[in-house]
Amino acid sequence: SRAAATAEPVPPTAAGPIPGEDRIRRVESRFPGAAGSTLFRRSWRPADPPSRVVVLGHGFAEHSARYEFVGSWLANRGCAVHAYDQRGHGRSAPRPGRIGRFEGLLDDLDVFMALVAEQHPDLPRVLLGHSMGGLVVTTHLRERRPDVDSAVVTGPALSISPQVSPLQRRLAGVIRGLWPGLRLKVGIAPEGLCRDAEVVRRYVEDPMVFDRVEAGFVADMFDVIERTAAGPGDVEVPLMLLHGEADPLCQAAGSERFHAGLGTSGSQLRIYPRLLHEILNEPERETVLGDILDWLDSREPLADERS
């Protein structure tokens with residue numbers, strides 16, 4: 001059954017609309033997540049009735065405001081886009097990097113999906129996740145079987161970086177047992193994010209980006225990557241995986257292996273030459289978004305054809 005949640009309005013952000021997209025309605029609020037958490041959410045909604053709803057999950061140590069271009073681009077093309085700052089992140093974080101167990105991210109997504117489904121009961125539903133958000137989406141698809149029509153992941157964390165040694169992984173597990181709240185420095189190398197220097201500059205200067213996280217969460221994420229990567233055959237909905245070939249943070253090989261094990265018809269893999277980790281922020285981002293939209297259009301029923 002779907003959990004119900006209510007939204008508490010909060011003042012809108014100071015950021016104005018993107019030129020040429022003034023008709024998009026941006027809404028911000030807070031909602032009760034799982035286990036007593038209170039999470040921040042935002043949405044981009046087209047002026048005309050939407051054709052589908054997209055639930056967007058951001059990556060590790062960032063937040064939903066970094067997806068302003070993605071949300072407005074999709075909304076300008078008929079999608080109602082809903083995102084939230086995951087626990088321990090952005091405006092959902094009284095203490096940045098205090099995330100707790102990875103399982104809590106899946107619980108929060110359950111709650112948020114139920115809330116969005118109540119708002120758009122008759123529209124096709126799509127999960128879209130980047131990096132850690134892509135891991136949340138693929139794990140959720142495997143283990144929770146959400147009521148969605150399709151899913152898209154970009155640069156998903158489906159393989160552990162070769163820079164992480166087996167010893168480091170074992171050490172993270174030991175620390176989880178002894179001192180799970182110990183904060184470890186695990187910042188992301190910004191030069192691996194994007195070829196656009198302005199995107200990198202904004203990331204480095206963003207006060208809501210953090211570089212320390214609890215050891216327990218690090219160990220959890222290693223375990224979940226291994227568990228999820230081993231079970232693509234459990235995914236029951238069409239899944240599109242997109243990855244930058246030059247991504248140094250989450251290797252494209254993880255997406256390739258996962259796609260090879262999928263059993264759902266209509267799933268697709270796209271690897272983009274030269275692109276780094278944040279393919280939705282790269283100079284070719286509109287090409288990537290166009291590929292996503294084309295794939296969704298090719299395989300989704302129209303809203304009035306949905307049973």
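**View 1. Arginine R285 over the ring of F69 in the predicted model**. In this predicted model, R285 places its charged end over the ring of F69, at 3.5 Å from the ring centre.

**View 2. Arginine R77 over the face of W73**. The distance from R77 to the ring centre of W73 is 3.8 Å, with the arginine lying over the face of the ring.

**View 3. The tilted pair of F31 and F112**. The aromatic pairs of the model number five. Distant parts of the chain are linked here, since F31 belongs to strand β2 (residues 25–32) and F112 to helix α2 (residues 103–119), 81 residues apart. F31 is buried, with a relative accessibility of 1%, and F112 is buried as well, with a value of 0%.

**View 4. The stacked pair of F102 and F217**. The centres of these two rings, F102 and F217, lie 6.0 Å apart and their planes are at 20°, so the pair is stacked. F102 is found in the loop between β5 (79–84) and α2, whereas F217 is part of helix α6 (residues 215–229), so the pair ties together parts that are 115 residues apart in sequence. A relative accessible area of 1% makes F102 buried, and F217, at 1% relative accessibility, is likewise buried.

**View 5. The cluster of F31, Y84 and F112**.

How values were computed
Residues are numbered from 1 along each chain as its sequence is written. This is a predicted model: local features need pLDDT of at least 70, side-chain atom pairs count only at pLDDT 80 or more; totals for chains, interfaces and linings use all residues. Side-chain values use heavy atoms; hydrogens and water are left out. Rings of Phe, Tyr and Trp (its six-membered ring) pair if their centres lie within 6.5 Å; planes under 30 degrees apart count as stacked, over 60 as edge-to-face and the rest as tilted. Helices (H or I, at least four residues) and strands (E, at least two) are DSSP runs, numbered from the N terminus. Buried means under 20% relative accessible area, exposed over 50%, partly exposed in between (1.4 Å probe, protein chains only). A charge sits over a ring if NZ of Lys or CZ of Arg is within 6 Å of the ring centre and within 35 degrees of the ring normal.
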